[in-house]
There are 2 protein chains.
Amino acid sequence: MNLKKQCQLSVRAFKAEGFIEKYQSLISKTVIPYQYSVLNDKAPDTEKSHVVQNFINAGKTLKGDTDHDGFYGMVFQDSDAAKWIEAVAYSLSNCPDKELEATADELIDIIANAQDSDGYLNTYYTIKDKDKRWTNLLEGHELYCSGHMMEAACAYYEATGKDKLLNVMLKNAEHIYDVFITNGHKGYPGHPEVELALLKLYSATGNKHCLELAEHFINIRGVDSDYYKKEREKRNWTVWGNNAEDNNYQQSGMPVRKMSDAVGHAVRAVYLYTGMADLASSTGDKELFSACVRLWESITQRQMYITGGIGSTVHGEAFSVDYDLPNDTAYAETCASIGLMFFASRMLENDINSEYADVMEQAFYNTVLAGIQLDGKRFFYVNPLEIVPGISGISPTHHHTLTLRPKWYACACCPLNVSRLISSIAMYAYGENSDTAFCHMFAAGEVSFQNGMKIKCRTSYPYDFNITYEIEKGGRLAIRIPHWSKTLTLKVNGKNITKEPVKGYIYLDACDGDIIELSLDDTPRFVYASTKVPELTGKVALRRGPLVYCFEGVDNNGDVLSISLKRNGKVTVSNENDNTLNGAVKLIVEAVRTKQIDDLYSDTPLENKSCTAVAVPYYTWGNRGENQMRVWMNEIN
Amino acid sequence: MNLKKQCQLSVRAFKAEGFIEKYQSLISKTVIPYQYSVLNDKAPDTEKSHVVQNFINAGKTLKGDTDHDGFYGMVFQDSDAAKWIEAVAYSLSNCPDKELEATADELIDIIANAQDSDGYLNTYYTIKDKDKRWTNLLEGHELYCSGHMMEAACAYYEATGKDKLLNVMLKNAEHIYDVFITNGHKGYPGHPEVELALLKLYSATGNKHCLELAEHFINIRGVDSDYYKKEREKRNWTVWGNNAEDNNYQQSGMPVRKMSDAVGHAVRAVYLYTGMADLASSTGDKELFSACVRLWESITQRQMYITGGIGSTVHGEAFSVDYDLPNDTAYAETCASIGLMFFASRMLENDINSEYADVMEQAFYNTVLAGIQLDGKRFFYVNPLEIVPGISGISPTHHHTLTLRPKWYACACCPLNVSRLISSIAMYAYGENSDTAFCHMFAAGEVSFQNGMKIKCRTSYPYDFNITYEIEKGGRLAIRIPHWSKTLTLKVNGKNITKEPVKGYIYLDACDGDIIELSLDDTPRFVYASTKVPELTGKVALRRGPLVYCFEGVDNNGDVLSISLKRNGKVTVSNENDNTLNGAVKLIVEAVRTKQIDDLYSDTPLENKSCTAVAVPYYTWGNRGENQMRVWMNEIN
């Protein structure tokens with residue numbers, strides 16, 4: 001590991017406690033087994049996956065055996081298996097489980113069998129038509145699937161020391177090298193992902209071809225912005241009929257170093273930017289990092305929901321234009337917020353600045369966690385900020401905003417992305433370099449850094465704002481101070497100390513045995529949006545710590561539309577012991593309720609009556625049946 | 001004319017003055033000549049029309065001459081010529097013009113030449129493929145085009161006494177009778193329109209086949225809700241690939257007497273309902289009228305914009321679901337509001353109730369008039385209630401909400417519909433039966449009723465709310481009292497009188513020479529929406545008389561998003577003599593302006609500063625360049 005720059009913590013180096021531990025345990029004990037049953041088509045009443053069978057069938061095809069049921073699913077179906085293995089790898093670090101490891105080993109054997117002798121690995125093309133390989137980068141997802149499997153291979157190797165999948169993917173990387181470098185294929189990935197994965201593979205193995213390939217794919221992108229059009233003209237088939245000239249959608253309109261506005265398919269965008277930021281920190285490429293900064297600002301200063309959701313439009317699952325952030329028709333794909341966390345974490349590798357970690361945390365505690373039901377068995381792909389039963393999921397413009405989490409999806413990218421993200425939260429919560437331990441998020445648990453430092457973090461964050469670091473092995477500690485914390489108390493061994501944060505981080509030299517206590521602001525906050533956002537004028541949202549709150553009908557007499565919050569109204573933190581939301585803390589807010597009228601329009605002023613409104617953390621919405629939900633509420637003086 | 005029921009006034013019976021006269025003069029002197037130049041492809045920088053040439057080419061085709069440039073345009077392109085002739089007919093009554101009449105006569109000759117010997121008349125099929133006649137009612141628009149030409153024929157006959165086009169269309173009606181009644185074709189119109197047109201033709205000529213056909217098409221609709229699906233299966237061609245199973249879109253899901261919810265394509269819907277209501281009043285069919293009442297309530301109580309716009313979604317130019325009334329992505333097609341006026345006028349024929357006339361007036365003074373630039377040369381198809389340059393017309397969900405009126409459209413239904421509606425406003429403003437003259441709207445001018453009554457209406461409505469009726473020939477007068485008028489003064493020959501309205505109409509027995517003076521409420525009104533409309537909670541709109549007001553950037557320092565109106569704030573009627581909006585009266589409202597902040601989100605309460613905001617009538621928006629526009633404003637206490 002290159003310890004000169006700040007690097008993500010290894011998942012193995014963190015033993016979570018508290019809030020995070022409960023989620024990781026849910027992933028290990030419920031989600032991973034459930035998802036494996038789905039991948040094997042053994043979960044009742046769920047979308048068919050067939051992904052494991054696809055690998056088995058591809059293996060048979062390679063041996064000339066065509067006695068199987070072919071390929072089923074999305075062209076990128078393979079990636080579901082990859083993400084599952086990656087999640088298993090992290091989970092094995094968090095909760096060792098020999099049986100699960102044996103299951104993963106079996107799946108890896110099946111995958112290895114599906115690799116062609118030249119290193120090619122993709123079940124869609126292997127089963128359907130070998131001759132179509134590398135002829136449709138626009139829609140084909142071959143590099144995307146390879147990328148995910150490379151990530152899985154790195155994670156599994158790190159967790160178990162087993163290198164079977166790692167070797168499969170190194171061979172696959174060499175095959176890709178042959179095609180794109182040695183033999184000069186002019187294409188680049190329709191769906192970026194392999195770039196960040198190759199950099200992981202490089203980091204895990206030191207294989208220079210991986211670095212070279214990642215650089216190649218990043219540097220060649222958009223140089224020929226007509227590449228996909230020419231590719232389309234050469235082939236007589238299509239997967240979905242993607243528009244080969246939609247350069248925004250596929251991030252191919254210009255060389256990456258010229259990019260300034262985040263456009264197009266949001267997941268494609270942030271996966272690409274992650275690779276760019278990673279490469280910039282690996283190579284010290286300042287021009288590339290400048291592009292990343294511009295793109296970061298384009299997202300977070302003009303196109304991001306308060307929940308850390310990005311990609312506001314269903315059309316192309318994409319970024320819209322600046323300040324177009326509708327609540328009720330928001331797309332805000334779970335994967336896009338996960339990708340935003342990836343991007344943020346790689347920006348931190350370039351520049352330790354709490355701005356990146358703030359957004360990383362905002363995306364995690366709101367949109368990413370909203371992506372999974374509290375019981376771990378249902379998942380959101382789309383994360384709107386307003387739900388009105390009768391309109392949401394029904395109106396032609398709201399078909400995508402479901403009122404409840406489904407069990408699975410034909411396109412199942414999000415559920416598996418949530419598993420691997422939560423189980424690897426260590427990588428985002430902590431970082432290190434040769435002399436410093438970085439505490440980006442306030443994740444309770446024990447952390448053993450490669451630089452020799454060892455600390456224990458105690459807190460009930462995000463519902464308690466006192467964080468204690470017990471220093472077992474000392475060194476330089478960098479603790480992020482979130483932008484939302486208006487107050488701050490810092491004690492070292494019981495004595496108050498004052499330190500000015502540098503770019504949002506307080507740096508302390510901690511000795512063995514030191515006790516560092518941090519108290520952050522626990523006051524609920526009313527948040528306002530820029531008046532440039534048409535949808536949000538006159539509205540207010542409620543946050544406490546990193547959590548965005550929302551109002552659901554179930555807590556508010558079935559009707560949140562008629563509630564307005566009082567400006568500067570009193571907000572009480574509920575001490576209710578109701579555990580229906582897994583211990584989530586509710587907020588009670590001064591409000592008024594407008595009397596419902598029968599007329600569609602009336603020139604009689606509406607009657608308002610004082611009331612209180614109950615808010616719950618956004619990530620918990622939709623866990624108690626179909627009902628209204630609103631994040632941005634009207635405000636009344 | 002059947003004078004037992006309330007009937008529309010004949011256009012010839014009204015000589016407009018004031019506001020309406022100015023608009024009718026604009027239509028006669030500017031719009032009709034401009035539109036004729038477009039239809040002849042002689043207007044610079046506009047969409048190609050080719051509609052006149054299509055008729056010429058069809059005539060040639062019928063004579064076996066194929067030396068022409070074929071058909072161009074929409075499958076329903078013929079209807080543009082029909083609407084133009086209809087508008088000319090009304091215009092000739094309003095402003096006699098021999099030259100224009102000669103031009104129309106020439107066009108009618110061209111059209112007559114394009115009629116086949118069996119009475120069939122449609123240039124698309126005549127030119128392209130005769131064998132496709134009547135095989136694609138779903139998309140084919142043959143009955144729609146016939147219907148529009150029947151309306152033109154009736155109007156031209158009434159205006160000029162010339163029966164050439166009337167005879168052409170009677171022959172066409174007999175052809176349709178042969179196909180659908182005599183020969184038992186099982187289909188019904190994909191786009192309703194011919195029903196209301198056949199009833200006009202019946203009314204103009206007494207031809208019973210027309211009544212029978214109208215009844216047939218209304219009664220057969222939706223009885224076989226799979227008709228279009230079966231039709232689709234039988235043919236190997238399609239115009240646009242319309243979904244033959246979308247029974248909502250094509251109003252074919254159930255027999256019309258069972259309908260309760262207004263669904264699908266809004267123009268198809270209201271054209272159908274107009275025919276239904278007309279048939280119900282012609283035949284006394286109570287069950288059919290009950291269905292009309294339910295559909296009326298579905299539209300006006302749950303699905304109508306405050307501007308009288310209907311069909312809120314771009315998807316299928318359609319009704320969405322109850323209370324889904326987005327401002328910024330509203331479709332609200334101009335034609336749909338014109339169709340709503342048709343429907344309202346036919347409801348009045350069944351039941352004299354101001355509820356219908358209120359909506360008719362609301363649609364006219366807001367959405368219909370917004371459909372045309374103040375100079376008569378540009379037109380809106382889509383009528384949103386909020387415009388934000390940078391998002392409107394650009395974001396993938398806002399492609400249809402243009403910031404400025406275009407000169408023309410490839411699908412040019414709206415501009416021509418506006419011409420014929422404005423030039424025939426007499427039909428909506430006044431009605432009569434054998435013993436009563438109905439004043440539905442307050443249109444200044446002289447009115448000569450067929451029942452012998454003759455009145456003169458003097459007013460500067462909608463900018464003055466004093467209306468004087470001078471009775472030249474007396475009789476029973478029914479004057480609508482708008483629901484929005486909270487005050488009312490009524491004088492007969494200078495003496496105050498008190499009369500209770502009956503279903504919103506005051507009935508008076510007026511003698512020759514009587515002077516009746518009515519004063520309506522001129523107070524600007526704040527209007528609120530039901531809290532069931534998610535988009536409109538916390539918002540307020542401003543109306544005065546029938547006009548809905550809006551706020552444009554050009555009057556408000558370029559930024560209306562940051563303005564909130566003060567609850568119960570003072571509203572001043574401007575006495576500015578600025579004539580840039582053709583004399584439209586502005587309103588000045590107490591408001592606050594929120595200071596713009598740089599951050600996308602901020603937990604510092606936004607600063608508000610008192611200010612005044614300037615509102616203009618909605619129909620005038622977009623006449624002074626691209627700028628922000630908002631109807632529904634945030635309200636602040």
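This is a predicted model: local features need pLDDT of at least 70, side-chain atom pairs count only at pLDDT 80 or more; totals for chains, interfaces and linings use all residues.
1. Two strands are taken as paired if DSSP finds at least two bridges between them. In β14(B), A:Tyr601 has B:Ala529 as its bridge partner, while A:Ser602 stands opposite B:Tyr528. These residues belong to a pairing across the two chains: strand β20 of chain A, residues 601–602, is joined to β14(B) by two bridges, and the strands run antiparallel.

2. Strand β14(B) also pairs within its own chain. Three bridges join β14(B) to strand β15 of chain B, residues 539–544, again in antiparallel fashion. In this pairing B:Phe526 has B:Leu542 of β15(B) as its bridge partner.

3. The contact between the chains takes 51 residues from chain B and 51 residues from chain A. On the side of chain B that touches chain A, at least two residues each are supplied by α12 (286–302), β14 (525–529), β20 (601–602) and β23 (633–636) of chain B. The largest share of that side, five residues, comes from β14(B). By residue class, the side of chain B that touches chain A divides into 21 nonpolar, 21 polar and nine charged residues.

4. The relation between the two copies is as follows. The same surface serves both copies, since 100% of the contact residues of chain B recur in chain A.

5. The overall form of the chain may be described for chain A. Chain A has 17 helices and 23 strands. Its radius of gyration is 24 Å, close to the 26 Å that the globule rule gives for 637 residues, so chain A is as compact as a globular protein of that length. Taken along the principal axes, the C-alpha atoms of chain A fill a box of roughly 75 × 65 × 50 Å. Buried residues make up 59% of the 637 residues in chain A. Among contacts in chain A with a separation of 6 or more, 70% are between residues 24 or more positions apart.

6. Chain B contains an open sheet of five strands in the order β1-β4-β5-β9-β12, with mixed pairing. The edge strands, each pairing on one side only, are β1 (7–8) and β12 (505–510) of chain B. Strand β9 of chain B, residues 475–480, is joined to β12(B) by six bridges, and these two strands run antiparallel. Within this pairing, B:Arg476 has B:Asp509 of β12(B) as its bridge partner.

7. Helix α10 of chain B, residues 227–234, shows a division between buried and exposed positions. Its buried residues are B:Tyr227, B:Tyr228 and B:Glu231. Seen down the axis of α10(B), these buried residues fall within an arc of 90°, so they line one face of the helix. On the other side of α10(B), B:Lys230 and B:Glu233 are exposed.

Terms used
Residues are numbered from 1 along each chain as its sequence is written. Chains are lettered from A and ligands numbered from 1 in the order in which they are written. Two residues are in contact if their C-beta atoms, placed from the backbone, lie within 7 Å. Helices (H or I, at least four residues) and strands (E, at least two) are DSSP runs, numbered from the N terminus. The radius of gyration is taken over C-alpha atoms; the globule rule is 2.2 Å times the number of residues to the power 0.38. A residue is buried if 20 or more other C-beta atoms lie within 10 Å of its own, exposed if 12 or fewer, and partly exposed in between; C-beta atoms are placed from the backbone. Ala, Val, Leu, Ile, Met, Phe, Trp, Tyr, Cys and Pro count as nonpolar, Asp, Glu, Lys and Arg as charged, and the others, Gly among them, as polar. The arc is that of the directions from the helix axis to the C-beta atoms.
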